[in-house]
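Please look at the sequence and the structure shown below before reading on.

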Amino acid sequence: MASANATYGQKESSDQNFDYMFKILIIGNSSVGKTSFLFRYADDSFTPAFVSTVGIDFKVKTIYRNDKRIKLQIWDTAGQERYRTITTAYYRGAMGFILMYDITNEESYNAVQDWSTQIKTYSWDNAQVLLVGNKCDMEDERVVVSDRGRQLSEQLGFEFFEASAKDNINVKQTFERLVDIICERMTETLDNKDPTVTGAKQGPQLNEQPQRSHQDCAC
């Protein structure tokens, strides 16, 4: 059984500036807006001039939830098939995933099932997932109606949001809900003394340097 990278919700004793560190990945097809989503959340910035992410990159953001200071290590992954081996290596130890499609792109929606299978294959069993239909500001170009996203999320057992990095719709809410779910699961795990918590499945650490991406990229 796959398990968390060190203890689930492990407190980093070497850094007293936060209580917990959660590793989160944003995954999905190329050009669905993963990087824009991350930059909007981490930096509250958006620019339409983007190129594809090369490999994988990450940002760190510290938030307060439930009287705890939580450091989020948020990884932005390339959607192209040629980077798949690189990016799936970073699934290990992730506590949460934002699985994203573009509401104006049918192919990206159809790929959600495959991305979900990758999460099950390469991550640990208790990783939490939210499904996000991005670019809801582009209503005139919509090809995937909200009900289809909701139905798919129910089928996969994920919670669902529609969001827009451009108009800053449901970006913060998505991350905060994912963190809350992780915290809820962590509490249940500790209460139940779930044996999957203690196993180690080693993944990248905070001091591990990923392949750097272009700073202005959209996927």
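Does Tyr 91 count as buried or exposed? At 0% relative accessibility, Tyr 91 is buried; the term means under 20% relative accessible area, whereas exposed means over 50% and partly exposed lies in between, with a 1.4 Å probe and protein chains only.

The model is predicted, and local features need pLDDT of at least 70, side-chain atom pairs count only at pLDDT 80 or more, and totals for chains, interfaces and linings use all residues. Residues are numbered from 1 along each chain as its sequence is written, and side-chain values use heavy atoms, leaving out hydrogens and water.

The protein chain has 219 residues, of which 54% count as buried. It contains 6 helices and 6 strands, in the order β-α-β-β-α-β-α-α-β-α-β-α along the sequence. Helices (H or I, at least four residues) and strands (E, at least two) are DSSP runs, numbered from the N terminus. Of the contacts in the protein chain between residues at least 6 apart in sequence, 78% join residues at least 24 apart; a contact means heavy atoms within 4.5 Å. The accessible surface of the protein chain is about 10,100 Å², with 44% belonging to carbon and sulfur atoms, as computed by the Shrake-Rupley method with a 1.4 Å probe.

The whole structure holds 8 aromatic pairs. Rings of Phe, Tyr and Trp (its six-membered ring) pair if their centres lie within 6.5 Å; planes under 30 degrees apart count as stacked, over 60 as edge-to-face and the rest as tilted. Two of the pairs are listed here.

| Pair | Centre to centre | Between the planes | Type |
|---|---|---|---|
| Tyr 41 and Phe 175 | 4.0 Å | 10° | stacked |
| Tyr 91 and Phe 97 | 5.2 Å | 65° | edge-to-face |

Tyr 41 lies in helix α1 (residues 34–43) and Phe 175 in helix α6 (residues 171–192), so their pair ties together parts that are 134 residues apart in sequence. Tyr 41 is buried, with a relative accessible area of 8%, and Phe 175 is buried at 0%. Ring pairs also join Phe 37 to Tyr 41 and Phe 175 in a cluster. In the other listed pair, Phe 97 is buried at 0% relative accessibility.

Charges also sit over rings, a term that requires NZ of Lys or CZ of Arg within 6 Å of the ring centre and within 35 degrees of the ring normal. The charged end of Lys 61 is placed over the ring of Tyr 41, 5.1 Å from its centre. Lys 59 lies over the face of Phe 39, at 4.6 Å from the ring centre.
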